[in-house]
Amino acid sequence: MTLDPTLALVETRKVFAGEGTVAQAVFYGLSVLTIATFFTGIVLRVRKYGRGRPAREGRWMRPSHREDVPEVTTKPSFAKGFWTVATNRTISRDQPSVGMAHLLVFWGFLGLFAATTILSLDYDILGNVSPLLVGHTVSFFHGPFYLAYNAVFNLAGVIAILGTAHLMGRRASHKEPRLDYTRAFKPEEGYSRKRFMQGDWLFLWLLMALFVTGFLIQGLRIDEAHFPGFERWTWMGYLTGLGWNAVGVGPHLAAHVHPWLWWFHILMALAFVAYVPFSKANHMIASPANLVVNDPANTRRLPSPPSGHPGYTSLADFTPKELLGLDACTKCGRCHYVCPARTAGAPLSPRDLILDLRQWVNRQEHIPVVLDQEERPAATGPLAANGSTAVAGDVIAPLTLWSCTTCMACVEVCPVGIEHVPSIIQMRRKLVDEGTMDATLQSALQNIAQQGNSMGKSARMRARWTKGLDFTIPDARKEPVEYLWFVGDFASFDDRLQGLSRTLAGILHHAGISFGLLYEDERNSGNDVRRVGEEGLFEMLVEHNLAALAKADFQTIITTDPHTYNTLRNEYPSYGLDKPVRHYSEVLTDLVLSGRLPIKPLGGHVTYHDPCYLGRYNRVLDAPRALIEGLGCELVEMPRNRTGSFCCGAGGGRIWMDDSFLEERPSENRMKEAVALGVDTFVVACPKDFAMFSDAVKTTGNEGKMTVVDIVQLVDRALDRDRLPSLQAAQAAPEPTA
Amino acid sequence: MRIVVAMRQLADLVEELEVDDSGTDIDREFVKFVANEFDESALEEALLIKEGVGADQVEVVAVALDEPDVDQTLYTALAKGADKAVKLAGVPEGWVSSHTRASAIAKWLESQQWDLVITGVQAADDLDGQVAGLLGRMLGVPHVAVVVSAVPEGNVVKVSQELGGGTVAEEEVAMPAVLGVQAARQSPRYAPITRIRQAMQAGGLSEETVEVSGDGGRPTVRRLYAPEKSGQAEMLTGSAADVADKIIELIRAKGLVKS
C-alpha cells in the first residue's frame with residue numbers, strides 16, 4: 001500500500017512504513033489471536049460471575065436497595081462510580097503519592113490506548129471502508145490532527161513512564177508493611193507467595209517496556225526521516241531521536257534497527273493484551289467495574305443469607321458482585337495494614353481472605369492465571385483440588401472468620417470498593433449453623449435467646465441500675481415521652497458501666513428532657529448478634545424490640561451503645577421502625593451547645609477515640625468533637641482518627657469470644673497510640689470502649705498516666721449545677737450561655 | 001435402635017425465686033422456665049450415639065411432661081437433631097415430685113418400643129438424682145447413674161461412670177437400660193434460632209396424654225424457705241498491705257501455719 005505522493009509533504013507518517021506484506025499479514029494474524037485470547041479471558045470471568053447467586057429483584061450485579069443510609073451513604077450511581085474511577089480518588093485518599101503515580105499511569109495508559117484505537121480507526125476501519133464507499137482511501141491522520149495527536153499522546157506516554165517508575169521505585173526501595181505478603185494465617189505445611197511478587201514485577205516491567213520501546217521506535221523513525229521540522233510536535237519522540245543520534249545511531253543505522261525494535265514492541269504489546277484477563281492486569285477491568293457497582297450501604301445494613309441456606313457453603317452462594325470484588329483486588333494491602341485483627345496477630349487479614357477466595361474460585365472455574373498465585377506443598381485450603389471443600393471452615397479457617405471485629409476499616413480503606421465484612425458474616429452464618437464457635441460465644445447467644453441479654457441476667461433486672469437515682473425514669477410504655485432511651489446490655493447490666501448510665505440519666509433529667517425506658521421489655525438490639533452470624537436470633541430480637549417499641553409513645557430513640565445505634569438506625573427500618581435514632585453524644589452536644597446545660601469550662605488536653613459504629617459506620621464525627629471543645633477541653637487527635645479510627649477489638653461479637661490467642665489486644669495497641677500523645681485523658685463514647693480501654697490502661701501499665709473517661713462524665717464534670725434549669729425553674733428563664 | 005431422652009423444665013435460676021403463699025412451692029407466676037441442663041447433656045449424648053452408630057439406624061425421641069415453656073425445649077431438641085418430640089399432657093400443675101415424674105414417663109414408655117432411656121442425672125429440685133433410678137425400677141431394667149459417656153456395642157452399652165475422687169469406671173450394661181447422664185462427651189451443641197423456628201413451623205411436636213397416679217403415701221413438702229443466715233462473712237478493708245497483714249494474722253490465729 002502506498003500513499004499518494006502529493007501527500008508526502010503533509011505532516012503525517014506512514015503506517016507500516018518498514019514492514020512488508022508478509023509482516024503485515026503476520027501482524028494481523030497475531031492480532032486476531034490476541035483479541036480472541038483477551039475476550040476468552042473476559043468471557044471466562046463473566047461466566048464465573050454468572051455462577052454466583054443473583055442479587056434480589058432480578059438485579060445481577062448491584063445489590064438490591066431499600067434505601068440509602070441517611071447522611072452517611074448515597075445511592076450508588078454509574079456517574080459517581082465513573083467519577084471515582086476517573087479521579088482515582090479512592091487510591092490517593094490514604095496514600096497521595098501512590099495515588100498520584102497511579103493516576104499518571106492510569107491516564108497515560110488510557111491515552112496510549114486511545115492513540116492506538118484512533119490509528120486503527122483511521123487505518124484499518126476508515127482505510128478499508130472508504131474505498132468501497134467513495135472509491136478512494138480516506139484518512140484523517142495528517143496535518144494539524146497528526147501534530148496534535150503526537151503532542152498529546154507523547155504526553156500520555158511520558159506521564160505513564162513517570163508513574164510506572166514511581167511505583168517500581170516504591171516496590172524496590174523499601175518494604176512498606178502494606179506490600180509485605182506474609183500471611184496472617186499460616187498454613188501448617190507452609191506456603192510461598194513468591195509468584196505474587198513475580199506477577200507484580202512482570203506487570204510493571206511489561207508496562208514500562210511497552211512505554212519505553214514506543215518512544216524508542218518513534219525516535220528511530222524520526223531519526224530515519226532526518227528530523228522533519230513538524231515532528232518537533234512529537235516532542236518526546238523527537239528528543240528520543242536526538243538521543244539515538246547522540247549515541248551514534250544515524251538515519252541509516254536507524255533504518256536497520258527500526259524493524260527489530262518494532263517487532264519487539266508489537267509482540268510485547270500483543271502479549272500484554274492477551275495477558276490482561278489472566279493476571280494482575282485484570283484489575284484494569286475488574287476494579288473500575290467493582291467501583292461502579294459498589295454499595296456503601298451494604299456493610300451498614302447487612303444482606304440477608306441466601307434463601308434456603310443458613311450461610312455460604314459454595315461458590316453458588318456468592319453474589320456476582322462479591323465474585324467481581326475478588327477479581328478487583330490489587331493486593332494493595334491497605335486493608336491488611338489497617339485491620340485490627342491482623343495488627344493483633346489474629347489469623348485474619350482481609351487481603352488474604354479475598355486472595356484465598358479468589359484462588360479458590362478460579363481453581364473451580366479453571367481460569368488460568370499467569371503467576372500471581374500462592375503455592376503450597378500440599379493442596380489445602382484455597383488450593384484444594386476440587387470445589388467440594390467448605391468455604392467456611394476449610395478455605396477460610398474458622399478462627400480467621402471469628403477474628404473479625406466488623407470494624408469496617410477494610411471496607412473503608414479499600415480503593416476498589418470490595419465489601420469484605422458482609423462476605424465474612426455470610427461465612428460466619430454457616431459456622432453458627434454448624435455450631436462451630438467459642439463456648440463463651442455459644443453461651444452468650446443462648447443467654448440472649450433465653451434472657452434477652454448476653455450476661456444471662458434475668459430480663460426483669462434490666463432496669464435495676466436506675467435504683468440509685470433520686471428520681472424515677474418514666475416508663476415509656478405507660479406515659480408519653482419525647483425520647484425513648486434504648487440503654488443496651490452493657491450499660492444496663494455491667495457493674496462498671498451502670499454508673500455511667502446513672503450519670504447520663506441525671507444529666508437528661510436535670511436538663512429537663514422528657515425521656516423514658518422500655519424497662520424489662522428491652523432486649524439486646526441484635527447488632528452484634530447479626531454480625532456474629534446468628535440471623536435467626538437477630539430476627540427474633542428485632543421482632544421483640546419492635547413489639548416493645550410499639551407499646552411506647554415517643555418521638556425519637558436515644559441509644560447508649562453505637563452498635564445499637566447502627567442497627568436501630570440502619571437495619572430496623574427494613575423491619576418497620578420509622579422513628580429517628582440519635583446517639584447520646586449527639587444529644588449531649590445539642591444540650592451543651594444550645595446552652596440548655598450550663599457549663600463551667602474544664603480546660604486540659606484530652607484525646608478522643610471514635611467508636612467504629614459511630615464514626616466510620618454512621619459518620620457521627622463532628623458532634624463529639626464539638627462537645628469536647630464546648631466543654632473547654634483541648635482535643636489532641638490520635639494519628640488514627642475519625643473514619644480511620646482503630647477498633648478497640650470488641651465489635652462483631654468479639655467481646656463474647658476468647659482473645660487469649662492474640663499477641664496484643666487491639667485496645668492495647670490503641671492505648672499506646674494515645675499515651676504517646678502525652679495527654680492524660682482518653683475520652684470514649686461507647687460503653688464497650690469504656691470497658692475495653694479501662695482494661696487496656698491496666699494491661700499496658702499506664703495506670704496513673706491515662707484515665708479513660710466517658711464523654712458523659714466529661715459533661716458531668718463541667719456541669720455548672722448552680723445554673724441548672726431544673727433548679728432555676730421558679731426563676732425567670734435564664735439567658736442560654738454557650 | 002430407639003433412644004428416649006426424658007427432659008424436663010426448671011425455673012430459670014437467674015430469676016429471683018420466691019416462695020408462694022402456700023409456703024410449700026415457689027411462686028411460678030412470673031418465673032421463666034428453661035430446660036434442665038443435665039437433660040441437655042443427656043440429649044447431646046443421645047445425638048452423639050446417633051452420629052456414631054449411623055443416623056439411619058438410631059431414632060432419638062425427646063419426651064417431656066407438659067410444663068411451662070416446654071415447647072421451646074422440645075423444638076430445640078428437634079432443631080439439634082432429635083427425630084421426634086413428645087409432650088406428655090395430663091400432669092397436674094405446679095411442682096411435680098420425682099416419683100410422679102418417673103411414673104408418668106414409665107407409663108408412657110409401656111406403649112413404646114425403646115432400647116435406651118437417657119435422662120439427666122439430677123436437677124435443681126432433684127439433687128438426689130431419683131428420676132433415673134426410679135425409672136429403672138419401674139421399667140424393670142438396669143440403671144446407671146453419673147454417666148459421662150455411653151457407646152452402644154451390639155446389645156450392650158459401654159458406659160463411663162464418674163465415681164468419687166475423680167475415678168472413672170468403665171462398665172457394660174445390657175439394653176434395655178436407663179442412664180442418668182452427668183455430662184456428655186462434648187458440651188451440648190448450639191441450636192441456631194433459624195433451625196428452632198423451622199422446627200416450630202414444621203410442627204413436629206406430638207402430644208399424648210398419660211394417666212398419672214398420685215404420690216399416695218410418699219413424702220410431701222411441709223415447708224419451703226430461703227436458706228437462713230448462720231454467721232456472716234467478715235469483709236477485710238484497707239490498703240492491699242493492710243488486708244494482707246490481716247489475712248496473715250488470721251491464718252496464724254487458726255494455726256494453719258507454724259511460727
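**Close-ups of a predicted two-chain model**

**View 1. Strand 10 of chain B, covered on both faces.** Strand 10 of chain B covers residues 177-181, and five of its five residues are buried, so the rest of the structure largely encloses it. Keep in mind that everything shown in these views is a predicted model, not an experimental one.

**View 2. The partners of strand 10 of chain B.** Which strands pair up with strand 10 of chain B? One of them is strand 6 of chain B (residues 116-120), which pairs with strand 10 in the parallel sense over five bridges.

**View 3. Helix 1 and helix 8 of chain A, side by side.** Now hop over to chain A, where the axes of helix 1 (residues 21-50) and helix 8 (residues 251-275) come within 8 Å of each other. How do the two helices line up? Their axes cross at roughly 20°, and an angle under 35 degrees counts as roughly parallel, so helix 1 and helix 8 of chain A are roughly parallel to each other. On the helix 1 side, the contact is made by F27(A), L30(A), S31(A), T34(A), T37(A) and F38(A). Helix 8 of chain A brings I266(A), L270(A), V273(A) and A274(A). Sort the residues of this contact by type and you get seven nonpolar, three polar and no charged.

**View 4. Where chain A meets chain B.** In this view, 19 residues of chain A are in contact with 11 residues of chain B. Which elements of chain A give two or more residues to its side of the meeting place? They are helix 17 (420-434), helix 18 (439-451) and helix 22 (535-551). Helix 18 of chain A gives the largest share, six residues. As for residue types, the chain A side divides into eight nonpolar, seven polar and four charged.

**View 5. The domains of chain A.** Chain A is split into domain 1 (94-183 + 191-278), domain 2 (298-434) and domain 3 (441-722). The C-alpha centres of domain 1 and domain 3 of chain A lie 56 Å apart.

Notes:
Residues numbered from 1 in each chain as written. Chains lettered and ligands numbered in written order. Predicted model: local features only at pLDDT ≥ 70, side-chain atom pairs only at ≥ 80, totals over all residues. Domains from an automatic or database assignment. Axes fitted to C-alpha atoms, helices over the stretch in contact; angles between N-to-C directions. Helix = DSSP H or I, 4+ residues; strand = E, 2+ residues; numbered from the N terminus. Parallel < 35°, antiparallel > 145°, perpendicular 65-115°, else oblique. Contact = placed C-beta atoms within 7 Å. Nonpolar A, V, L, I, M, F, W, Y, C, P; charged D, E, K, R; others polar. Buried ≥ 20, exposed ≤ 12 C-beta atoms within 10 Å, placed from the backbone. Pairing = 2+ DSSP bridges.
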